[in-house]
Amino acid sequence: MKDIVMEKEQKKLFEKFNDLSLGRRDITKHSSKDLPKYNYPVNNLVSAFHPSKMEVVVTKIVEENENTKSFWLKREDSEYLPPFKAGSYITLEVHTNGRIYKRPYTISSDTNSLKEYRITIQEEKNGIVSHYMCHECKENDKLTIYGPFGHFHYSLIRDSSDIICLAGGSGITGVRSMIVDLLRTKKVSSIELIYGTKTVNDILWKPEFDELAKKNKNFKVTYLLSEEKREDYPYGFINEDLLRNLNPEGKTFFVSGPVAMYQALNDVFVKMDIPNKFIRHEEFRESLETEDVETYELTIHQKGNVTVIPCKSNQTLVQSMEEGRFSAPVHCTVGICGYCRSKLISGTVKTDTSALRKKDVDLKYIHPCVTYPLSDIEIELP
Amino acid sequence: MEKFDCIVIGAGNGGLVAALTLQKKGKNVLILEKGLAPGGVATSFRRGRFEFDASLHELCGYGELGNKGEIDALFERLGIESKVEMMHAKEAFHVVDKLTKDEYSMPVGVDNFIEKMEEYVPGSRDSMTTFFGLCEDIQDALSYLHSEKGAIDEKDLYQKYPNFVQLAPYKVNAVLEKIKMPKKAIEILSTYWVYLGSPIDDLSFVHYASMVYSYVLYGPAIPTYTSHELSRVLENEFKNAGGTIYYLSEVEKIDVEDGEVTGVQTKDTSYATSHVIANLSPKVVYGKMISKENVPIENCQLENERILGARGVSIYLGLNASCEEIGFHHYTYFLSNNLNSKVEYKKMQEVFHGNVVGVVPNIVNKKASPEGTCILNLTSLIFGDAFDKLVNKENYFDVKEQLADFLIRSFEETTGISIREYIEEIEIATPLTFARYTGHPSGVIYGYMAKGYDNLLPRTFSEEEETRIKGLRFCGGFGARLSGFSSTYLNGEDVAMKTLGE
Ligand SMILES: Cc1cc2nc3c(=O)[nH]c(=O)nc-3n(C[C@H](O)[C@H](O)[C@H](O)COP(=O)(O)OP(=O)(O)OC[C@H]3O[C@@H](n4cnc5c(N)ncnc54)[C@H](O)[C@@H]3O)c2cc1C
Ligand code: FES
């Protein structure tokens with residue numbers, strides 16, 4: 001390249017270039033000597049929306065029915081809990097049996113009241129946390145929660161303005177919050193709720209739903225019973241006929257309920273040719289049914305420390321960590337949030353990699369919360 | 001207490017490369033990362049059946065076989081070149097002027113680029129040829145500068161690279177006008193200014209030219225499995241070389257005694273070291289991580305003068321139809337309200353302004369999403385603190401949704417491509433999101449503004465003087481080479497070599 005351009009100014013430029021910092025020193029000579037500002041409004045909002053964890057007090061416990069209780073949680077260190085989108089969950093940490101357990105529970109209260117969150121817990125067969133909460137937790141008890149998290153939300157941009165909510169059992173919690181929110185903000189044109197329970201007594205918040213349906217012409221609710229036959233209630237499970245009757249074309253489904261319900265509905269959706277786009281569902285984990293229970297060794301590397309604990313073939317690695325009193329990093333417990341992501345150093349496993357990044361699948365990363373051991377296992381936690 | 005030769009704070013691009021470089025030179029290095037994954041914003045995330053790149057549109061300076069670029073050369077030195085799978089775009093960029101609806105598609109390859117420009121702007125050929133000649137000179141000079149570890153011999157520099165020395169103090173517009181580039185050609189050529197986040201009357205010519213050159217020469221590149229692939233491979237290589245990395249480990253304090261680094265502290269652990277490389281903003285480091293009496297006043301003054309760079313809003317869309325069905329034909333769409341960067345920059349101080357960069361990875365990478373689907377990423381920059389002023393606890397979720405709606409509409413109206421009906425997954429990242437994951441002030445994604453005194457060269461030449469606490473250096477987007485994937489990778493190596501020299 002031939003020499004170029006600014007020849008006339010060459011001398012001047014060279015001198016200028018001699019001060020290689022281009023006046024940087026002079027410019028800052030008169031600036032403030034205070035420590036630099038690093039925190040902006042947006043940074044403060046991060047703490048308001050995403051505190052790393054929260055200490056809460058149980059202010060009120062309400063028995064919703066025979067095996068379900070609601071808990072009102074108030075923050076101890078601040079007046080307000082983080083704003084959340086209807087459908088979000090928190091992770092509840094419970095100390096019992098000399099161990100620490102973390103479980104996700106959907107917030108069932110309203111998005112516009114942030115002084116307290118409500119979570120609603122149905123006691124599960126063999127459940128540890130749900131048993132503890134329903135039988136031992138008392139008002140004024142202190143608990144730790146994390147979150148809110150999750151992606152089970154209504155989106156004005158993505159979703160149809162006519163929605164169909166399919167809720168089963170305790171899956172109603174987030175759907176309730178969503179319906180109340182959408183009716184209040186008038187974001188949708190119509191909501192149809194099909195709410196399946198075993199018996200009439202299992203229906204949560206029936207008076208509230210009935211009242212909402214009376215007040216809002218665009219909200220309709222149908223209760224469906226699977227274990228009790230009553231004249232004024234339809235009987236059975238949500239099936240293809242029922243869905244076809246709802247004229248589902250172009251409407252968005254919000255599905256939340258027990259695993260069996262997702263599995264059954266999945267087949268129906270495929271059969272009815274409903275595109276993925278129109279099906280939003282709460283996250284869930286399939287549990288493993290095995291007869292023979294093997295015990296293996298689980299070796300955990302974390303921050304330079306090595307821990308060895310037993311693990312069982314019918315338990316996820318996270319469950320084995322809980323049993324083995326090893327504090328595992330978990331939030332969702334269903335293999336979706338990525339918080340427990342670990343590298344599998346050796347061993348064979350049965351796992352679900354559907355929520356992992358492709359490169360991580362290649363490099364043998366796993367979500368221990370949805371991983372069952374098939375041999376001795378060695379993993380590295382974050 | 002664990003002791004290390006060097007502790008790198010943050011596993012972003014700069015931090016990963018700095019750590020890997022030092023570890024490979026036989027040093028014992030620890031990376032402390034507050035999050036859960038390597039890469040900082042060089043990461044990806046899953047929604048439904050899609051995996052979205054959080055940040056990378058395109059990498060510049062990645063050459064192809066037999067035609068080495070700076071980045072593949074670096075990857076070769078780091079031992080990872082054969083472990084990543086890269087793909088190249090055939091088009092440098094596609095720009096749409098919203099006002100006139102004029103569109104310009106600029107190809108890869110210097111000759112192609114010049115020819116195409118001549119087609120759009122007859123009479124531009126000579127100046128474009130001069131421009132690329134200058135680019136070559138500048139590239140050579142910059143390699144020389146970065147390879148000189150000690151003080152730079154100015155006479156020698158002048159003799160070897162006269163054009164570089166002459167142009168060094170000038171801004172983009174000044175030089176392009178001087179070489180008589182037609183106005184329209186200047187506007188098209190300066191399309192990339194948004195990537196550097198300063199309008200061309202404030203942007204160093206040398207810096208801009210080196211970026212344009214490496215895009216046009218090799219073509220924009222992306223990894224097959226998003227930028228997370230690059231970050232994960234770097235992390236893996238670092239661990240295999242014996243390096244240590246701890247996640248969920250936010251450093252709260254850097255210990256300094258008698259003007260020298262002695263260690264760092266997280267919430268629950270202290271580590272000893274005499275070398276720290278910080279992959280974060282000096283505003284944060286001096287502002288809260290070092291006890292006040294140990295913070296040099298001159299560094300405070302400099303930091304108080306420096307202006308935070310662009311904040312970003314990014315909309316990630318998983319679409320349930322293929323590129324052909326939807327009508328995407330370009331990899332990168334630059335949608336501009338005004339091709340004059342000075343005018344556009346002013347407008348971009350608002351939150352809702354409609355300057356959007358759209359990227360469709362599937363055009364380059366068939367594996368970017370499942371068959372019959374594709375991804376569109378829309379990014380819009382905001383200069384200044386308008387977003388800080390706009391949002392609060394009550395309106396944040398709504399603002400987020402309104403912004404996404406506005407940007408999607410802007411894209412649809414400008415390109416005439418409708419996308420709304422195909423949206424299967426949507427995620428929206430705002431400055432708040434980036435602030436959450438990076439911890440950077442105001443959630444900036446581009447470090448500091450490249451203002452005159454804070455351009456590439458002044459930063460590079462002042463680095464030693466401004467290293468006033470012995471053993472404390474900075475790398476990454478707030479560092480000497482400014483922001484961007486390539487700059488931060490290269491800067492990581494520079495800083496590691498300087499640390500090694502100590
Ligand atoms: C995002 C999300 C939101 C949720 N929101 C709500 C909500 O709002 N309300 C609500 O009530 N629930 C909700 N759930 C479900 C709730 O998290 C579970 O009820 C909870 O995890 C149960 O915890 P537990 O301690 O009672 O059971 P666990 O500690 O999980 O114990 C039961 C485990 O033991 C295993 N097990 C059971 N039987 C046997 C056996 N015979 N032999 C061996 N192993 C056995 C099972 O695999 C099971 O995993 C939500 C779940 C998710 C993922
Ligand atoms: S805890 Fe969420 S993926 Fe395992």
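Student: What percentage of the 502 residues of chain B count as buried?

Tutor: This is a predicted model, in which local features need pLDDT of at least 70, side-chain atom pairs count only at pLDDT 80 or more, and totals for chains, interfaces and linings use all residues. Residues are numbered from 1 along each chain as its sequence is written, chains are lettered from A and ligands numbered from 1 in the order in which they are written, and side-chain values use heavy atoms, with hydrogens and water left out. Buried means under 20% relative accessible area, exposed over 50%, and partly exposed in between, with a 1.4 Å probe and protein chains only. By that criterion, the buried share of the 502 residues in chain B is 69%.

Student: Why does the radius of gyration of chain B agree with that of a compact globule?

Tutor: The radius is taken over C-alpha atoms, and the globule rule is 2.2 Å times the number of residues to the power 0.38. For 502 residues the rule gives a value near 23 Å, so chain B agrees with it at 22 Å.

Student: What radius of gyration does chain A have, against that of a compact globule of 382 residues?

Tutor: The C-alpha trace of chain A spans about 100 × 55 × 50 Å along its principal axes. A compact globule of 382 residues would have a radius near 21 Å, but the value for chain A is 27 Å.

Student: How far apart are the centres of domain 2 and domain 3 of chain A?

Tutor: The bounds come from an automatic or database domain assignment. That assignment gives chain A domain 1 (46-149), domain 2 (162-282) and domain 3 (295-380). Taken over C-alpha atoms, the centres of domain 2 and domain 3 of chain A are separated by 35 Å.

Student: Is B:Asp454 buried or exposed?

Tutor: Helices (H or I, at least four residues) and strands (E, at least two) are DSSP runs, numbered from the N terminus. B:Asp454 lies in the loop between helix H18 (431-438) and helix H19 (456-466) of chain B. Because its relative accessibility is 0%, B:Asp454 counts as buried.

Student: Which residue of chain A is in contact with B:Asp454, leaving aside neighbours within four places in sequence?

Tutor: Contact means heavy atoms within 4.5 Å. Leaving aside those neighbours, the contacts of B:Asp454 in chain B are B:Arg306, B:Tyr448, B:Met449, B:Arg459 and B:Leu482, and from chain A there is A:Arg24.

Student: Which helix of chain A do the buried residues of H13 of chain B pack against?

Tutor: In helix H13 (residues 297-305) of chain B, the buried residues are B:Asn299, B:Cys300, B:Gln301, B:Leu302 and B:Glu303. Within chain B, the buried residues of H13 pack against helix H12 (282-289) and H19, and from chain A against helix H2 (24-28).

Student: Which residues are in contact with A:Ala213, leaving aside its neighbours within four places in sequence?

Tutor: A:Ala213 is placed in helix H6 (residues 206-215) of chain A. With a relative accessible area of 23%, A:Ala213 is partly exposed. Apart from neighbours within four places in sequence, A:Ala213 is in contact with A:Phe219 and A:Val221.

Student: What distance separates the C-alpha atoms of A:Ala213 and A:Val293?

Tutor: A:Ala213 and A:Val293 are 80 residues apart along the chain. The separation of their C-alpha atoms is 49 Å.
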